[in-house]
Amino acid sequence: MTTIHYREIICNGCQDVEIVDERLCFDLTHFAQACGQSPEWVLQLLEYDILPARPQDRIHQFFGEDVTRARRAYRLQRDFEASFSAVAMMMDLIDEVQQLRKQIKHTHH
């Protein structure tokens, strides 16, 4: 049995769940359960590079931080009725904006 440590965040009426211990490791089935999705849906995230690439010998090994990313992908897919390829592009843009914000914050300190 896997124990998942998480916290619920409610902001402006929106509920979000965040994994607290990102070092937790999941197999495909438990990861899909943690995401509230099917294993097939998770495999699509890997196929479209929405989740970070993994070595072939650990292709179905997932971590707590992957749950947060997968849930964000699901919300984008649901809210915008987006395809996996569109979600992948949106996630790339979100990542890039976050990276740029970190760089700006770092240069101003």
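The axes of helix α3 (residues 64-80) and helix α4 (residues 84-107) come within 10 Å and cross at roughly 120°. That angle makes α3 oblique to α4, oblique being the class left over once angles under 35 degrees (roughly parallel), over 145 (roughly antiparallel) and 65 to 115 (roughly perpendicular) are taken out. This is a predicted model, in which local features need pLDDT of at least 70 and side-chain atom pairs count only at pLDDT 80 or more, while totals for chains, interfaces and linings use all residues. Residues are numbered from 1 along each chain as its sequence is written, and side-chain values use heavy atoms, with hydrogens and water left out.

**Helix packing**

- Helices (H or I, at least four residues) and strands (E, at least two) are DSSP runs, numbered from the N terminus.
- Axes are lines fitted to C-alpha atoms, for helices over the stretch in contact, and angles run from 0 to 180 degrees between N-to-C directions.
- The crossing of α3 past α4 is right-handed, meaning that the near helix is turned clockwise from the far one by less than a right angle.
- On the α3 side, the contact (heavy atoms within 4.5 Å) involves Arg 69, Arg 72, Ala 73, Leu 76, Gln 77 and Phe 80. These meet Phe 84, Val 87, Met 90, Met 91, Ile 94, Asp 95 and Gln 98 in α4.
- By class, the residues of this contact are eight nonpolar, two polar and three charged. Ala, Val, Leu, Ile, Met, Phe, Trp, Tyr, Cys and Pro count as nonpolar, Asp, Glu, Lys and Arg as charged, and the others, Gly among them, as polar.

**Salt bridges**

- The structure holds three salt bridges, each defined by a side-chain nitrogen of Lys or Arg within 4 Å of a carboxyl oxygen of Asp or Glu.
- Asp 66 pairs with Arg 54 at 2.4 Å, N to O. Asp 66 lies in helix α3 and Arg 54 in the loop between α2 (39-47) and β4 (62-63), so the pair ties together parts 12 residues apart in sequence.
- Arg 69 and Asp 95 form a salt bridge at 2.9 Å, N to O. This pair links helix α3 to helix α4 across 26 residues.
- Arg 78 and Asp 79 form a salt bridge at 2.9 Å, N to O.

- Asp 66 is buried, with a relative accessible area of 3%; buried means under 20%, exposed over 50% and partly exposed in between (1.4 Å probe, protein chains only).
- Arg 54 is buried at 15%, and Arg 69 is buried at 17%.
- Asp 95 is partly exposed at 28%, and Arg 78 is partly exposed at 44%.
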